[in-house]
Amino acid sequence: MIQWWQILLLTLYAAYQIMDELGPYSSAGQAVFAGLVSGVVMGDITTGLYIGGSMQLTVLGVGTFGGSSRIDANSGTVIATAFAVATKMDPQQALAVIATPVAALMVYTDILGRFANTFWAHRCDADVEKMAWGSFNVHYLMGALSWMLSRALPVFLALAFGQGLVNTIVEALNGDLAWLGKGLTVAGGALPAVGFAILLRYLPVKKHVPYLILGFSVTALLVTLFGYVAALNTDIKAVAGLLDNVALTGQYNSLPMLLVAFIGLALSLMYYKTNQAPALAAASVETGDDDDEL
């Protein structure tokens with residue numbers, strides 16, 4: 001059950017986060033921060049950070065330009081975290097069932113907020129012409145209020161009156177529709193990959209393939225390294241405790257040759273692009289060859 005004070009705090013944060021995204025830019029308007037705040041308020045930081053981080057990755061390659069709107073990952077994170085903790089819902093299911101649909105629906109409230117803000121902006125213009133500075137201040141603040149209400153009001157209504165619906169959905173996904181729940185769990189886990197795919201679509205990946213390969217390889221190497229360190233720490237504690245008949249639990253494998261090959265390939269491509277490609281391009285110009293494959 002979501003308590004009234006939790007609804008109040010999350011509503012206030014929902015109102016503030018959009019203003020932070022438009023103004024101070026302190027990162028409080030990011031989905032991962034929304035997950036942290038929601039997790040603290042609901043008493044489950046792990047769930048909040050998981051949902052917030054996943055939503056952050058989902059919109060990683062999505063931006064807004066001019067007056068365009070995008071899905072509101074922050075509000076989706078707040079609502080999904082609150083209901084996931086309150087109903088003990090699987091975070092991946094909450095990500096697919098609540099966070100993503102809510103974030104998409106919030107596009108419409110974003111548009112309403114922009115319309116209202118345009119109205120107050122025109123009032124501000126008229127106040128400047130009349131030099132009515134008192135009215136200008138009021139209309140300016142009303143523009144900020146319309147932005148805040150575009151997030152705070154939907155979040156409040158969802159948290160205050162939506163728990164019955166969410167409980168019904170959770171019971172269905174854990175009962176007769178368990179097969180659907182498992183599918184949505186898989187879909188929720190795949191959502192961050194969608195964000196990465198969108199990001200890679202707009203980045204100059206072809207031009208910087210070596211760095212992409214090298215980053216992937218180094219990440220895999222560090223994950224393996226820290227995994228071994230964690231396993232070794234467990235073994236050392238077991239030995240230091242002087243426990244009888246304790247076998248070392250860590251499984252230590254050699255570094256995969258495929259990973260070494262990836263690192264070598266990345267370094268080779270870097271060398272080629274830095275040293276060989278310019279020389280071949282110059283030679284092609286001298287001989288009149290217009291091959292653009294380089």
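This is a predicted model: local features need pLDDT of at least 70, side-chain atom pairs count only at pLDDT 80 or more; totals for chains, interfaces and linings use all residues.
Local features were taken only at pLDDT of at least 70 and side-chain atom pairs only at pLDDT 80 or more, while totals for chains, interfaces and linings use all residues. Residues are numbered from 1 along each chain as its sequence is written, and side-chain values use heavy atoms, with hydrogens and water left out.

The protein contains 10 helices and zero strands, where helices (H or I, at least four residues) and strands (E, at least two) are DSSP runs numbered from the N terminus. Along the sequence the pattern reads α-α-α-α-α-α-α-α-α-α. Of the 294 residues, 33% are buried; buried denotes under 20% relative accessible area, exposed over 50%, and partly exposed the range in between (1.4 Å probe, protein chains only).

The axes of helix 2 and helix 3 come within 7 Å and cross at roughly 165°. Axes are lines fitted to C-alpha atoms, for helices over the stretch in contact, with angles from 0 to 180 degrees between N-to-C directions.

The patch consists of Val32, Phe33, Leu36, Val40, Ile45 and Leu49, with about 440 Å² of accessible area together. Patch members have over 30% relative accessible area and no salt bridge; nonpolar side chains (Val, Leu, Ile, Met, Phe, Trp, Tyr) are joined within 5 Å, and like charges within 9 Å. Accessible areas come from the Shrake-Rupley method with a 1.4 Å probe, and for residues only the protein chains shown count as cover. Helix 2 gives the most to the patch, with four residues. Leu36, in helix 2, is partly exposed at 31% relative accessibility.

Three salt bridges were counted, each defined as a side-chain nitrogen of Lys or Arg within 4 Å of a carboxyl oxygen of Asp or Glu. One joins Asp72 and Arg151 at 3.1 Å, N to O. Asp72 lies in the loop between helix 3 and helix 4 and Arg151 in helix 6, so this pair ties together parts 79 residues apart in sequence. A salt bridge between Asp110 and Arg114 has its closest N and O atoms 2.7 Å apart; being four residues apart in helix 5, Asp110 and Arg114 are separated by about one helical turn. Asp110 is buried at 3% relative accessibility, whereas Arg114 is partly exposed at 23%. Asp110 also meets Arg151 in a salt bridge (2.8 Å, N to O). Asp110 lies in helix 5 and Arg151 in helix 6, so the pair ties together parts 41 residues apart in sequence. Through shared partners, the salt bridges join Asp72, Asp110, Arg114 and Arg151 into one network.

Asn74, in helix 4 (residues 73-87), is buried with a relative accessible area of 4%. Its C-alpha lies 7.7 Å from that of Gly52, 22 residues away in sequence. Leu199, in helix 8 (residues 178-202), is partly exposed at 23% relative accessibility.

Positive phi values occur at Lys88, about 60° although the residue is not a glycine, and at Met131, near 60°. Lys88 is in the loop between helix 4 and helix 5 (91-130) and is exposed at 76% relative accessibility. Met131 is in the loop between helix 5 and helix 6 (133-161) and is exposed at 60%.
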